[in-house]
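Welcome, and please take a moment to look over the structure below. The paragraphs after it will walk you through it step by step.

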Amino acid sequence: MTHDIVLDRDVRDWVLVPLTASIFLMMLIRQYATQVLMGGASAAKVELKEVREKQALARSQLLRAAAGFIPESGFRQRRAYFAAKETGVFSQKSEQKSAQEQMITNPDMMSNMMKQNLSGIVPQIAMGAFVSYFFSGFILGKIPFPLSPSFRLMLQRGVDLPALDVTYFTSLSYYILLLFGLRGLLTLIFRDATIDETQMYRQQMGLGGGPGGPMGAMANPDPNKAFEAERAALDLTEHSWKLEGIEVAAVDTLRARLRAPPRLK
Amino acid sequence: MGSTKKQLEQDLAELEHVGTSGRAEALRSYLRLVRELKVRDSENVTVLGEELLRKHRARLGAEELWLTMEQVATAALDCRALPLAASIVTQICEKFPESLRAARMMEMLLEARGKYEDASKLIQKHLEDAPDCQMLLKRQVALEKSQGNVGAAIEALRKYVDVFQTDREAWEELGSLYVQAQMYAQAAACYEEVLLHAPASIAAYVQLADVLYTAGPGPAGANSRAARTHYAAAVELSGGTNARALYGLCAVTAQLGGLRGAADPDGLAAAAAATLVQRYAEEAPAHLLPLAQEMLRAQGLTGKAGKTAASPRK
């Protein structure tokens, strides 16, 4: 334990350097491949009607929140515009398609998802196989600080030696570390266009994601239901005049101001 | 608002004092401040920005360089420094041939030169590819407006707010266009929308009340009473410092007074008039006070109120 392990120089020349280089190259290739494959997808067109419907929902929420500040006639007009039985905006059938419909009618979406998965997962698997075939079982170096034995699983993947000090790390662990750690370096090279892996995982888990992405559409519930809910909420909203008695309050404010001592210039 | 102005003045003053060595840095920080605060200070931006671009161009990073170019070009157009604007816009368009933002700059240049046909064609061409480009849709409105076609501008802006319904500034602009066209009912609807978006904004209350007052008393004085309420709200929110709201209260009460007897049951207009007189006595040059008093008397408001308010001061 007290003696350091002496590592062969060839390990550096034939494992450390080629491993680092091949990971970096793989990430570069992936970056460019994704850019080529997803080139058309990022400029997905937004339908004006969709924007209109989303904004109508937002505006109706505003109306419900602040109805008391405008005269009642104005409120009635707006409620009729949104929620009238036949002609209201929310009584129309939504032009937006729900997520399932979109999947069926829009083959683009399917292929986009395929492309994303292809560019994300396939190289990962290939690279994993490549690395574990050529580079597994080497000890590459030593961490300059002591660690508890529970880190063995993380740092000594591929080398099953209980007697080995935990601070030595192996080539497979180094590979995993680099896989996630090199993103910062890529960001320096490509600025914003770097593929964000964590973002992609999050999207694949269905935990939200960009509104433009195919997964974002999935999180979008049925727009017709949203219309229906908003219409019901509007119907329930009563106009309560929030500026009731504001004149009296204003008179009090002004009189208090008049009584106050004159301001110094 | 006051603090931003102070900040800008500080930065400008600093520019006076730094020597040539620190000047590039000072110029940059001033332009950045103007960008971030979104204030309109076109003359200074044109002169100083041109200097920065001419002498210290190499010091700007790629992103800041093009942001500055856009800013200076816009300011130059605002000051009608067309040759400068043209040279910058050409550079921008060469660098970003596909960009809608560059197209907007080019359109603004064409518009400033009076080539309205070409500008309109340019907008149409780009809108075909990107019908949801808010910048260009707004430019379309501005283009009509700069030619004086209020009707066409209203039409274009109506189409815009029909889609982008939560754009407060657009509603405000549409309201002012309707006022220009003397369509007060429609203008009031627009300003109501502004108020919905910002129920804590004093200006929104005053704008809406102004339009309601201008529209005339309405059936049984409904417009005037609504205007009075909104002016009162502005007075309450501003603590009585908004002079326009105070004047509005006086005017709208006079308007109501023509209709029926007791237009000022709660003494609001009298208090507003007294506040105005007090503020003139405290803050304005002396010769303005009699003028204000005269006007308020003509509206039947001072007489007693003005004296009672002014007398304890003396």
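Chain A brings 37 residues to the contact and chain B brings 42 residues, where contact means heavy atoms within 4.5 Å.

Before going further, a word on how to read this. The model is predicted, so local features need pLDDT of at least 70 and side-chain atom pairs count only at pLDDT 80 or more, while totals for chains, interfaces and linings use all residues. Residues are numbered from 1 along each chain as its sequence is written, chains are lettered from A and ligands numbered from 1 in the order in which they are written, and side-chain values use heavy atoms, with hydrogens and water left out.

How many salt bridges does the rule find across the interface of chain A and chain B? There are four salt bridges across it, a salt bridge being a side-chain nitrogen of Lys or Arg within 4 Å of a carboxyl oxygen of Asp or Glu. The elements that give two or more residues to the side of chain A that touches chain B are α2, α3 and α12 (246–259) of chain A; helices (H or I, at least four residues) and strands (E, at least two) are DSSP runs, numbered from the N terminus. In one salt bridge, the side chains of B:Asp162 and A:Arg52 meet at 3.0 Å, N to O.

Now find B:Glu193 in helix α11 (residues 184–197) of chain B. Is B:Glu193 buried or exposed? With a relative accessible area of 2%, B:Glu193 is buried; buried means under 20% relative accessible area, exposed over 50%, and partly exposed in between (1.4 Å probe, protein chains only). Leaving aside residues up to four places away in sequence, B:Glu193 touches A:Arg59, A:Arg78 and B:Trp171. A polar contact of 2.7 Å joins its side chain to that of A:Arg78.

Another residue to look for is A:Phe69, in the loop between α2 (48–66) and α3 (72–83) of chain A. A:Phe69 counts as buried, at 17% relative accessibility. Beyond four places in sequence, A:Phe69 touches residues of both chains, including A:Trp241, A:Leu243, B:Leu195 and B:Tyr205. The C-alpha atoms of A:Phe69 and A:Lys242 are separated by 5.7 Å, although these residues are 173 apart along the chain.

Within chain A, A:Glu230 forms a salt bridge with A:Arg64, the closest N and O atoms being 3.0 Å apart. Because A:Glu230 lies in helix α11 (residues 223–236) of chain A and A:Arg64 in helix α2 of chain A, the pair ties together parts that are 166 residues apart in sequence. A:Glu230 is buried at 6% relative accessibility, whereas A:Arg64 is partly exposed at 31%.

B:Arg139 forms a salt bridge with B:Glu107, with the closest N and O atoms 3.0 Å apart. B:Arg139 sits in helix α8 (residues 134–146) of chain B and B:Glu107 in helix α6 (residues 100–112) of chain B, so the pair ties together parts that are 32 residues apart in sequence. Both B:Arg139 and B:Glu107 are buried.

Finally, consider confidence. Chain A averages a pLDDT of 78, pLDDT being the predictor's confidence in each residue, from 0 to 100. Over residues 206–219 of chain A, pLDDT stays under 50. Where pLDDT is low, the predicted coordinates should not be read in detail.

Note on methods:
A polar contact is a pair of N or O atoms within 3.5 Å; within protein, one must be able to donate a hydrogen and the other to accept it, and residues adjacent in sequence count only if both atoms are side-chain atoms.
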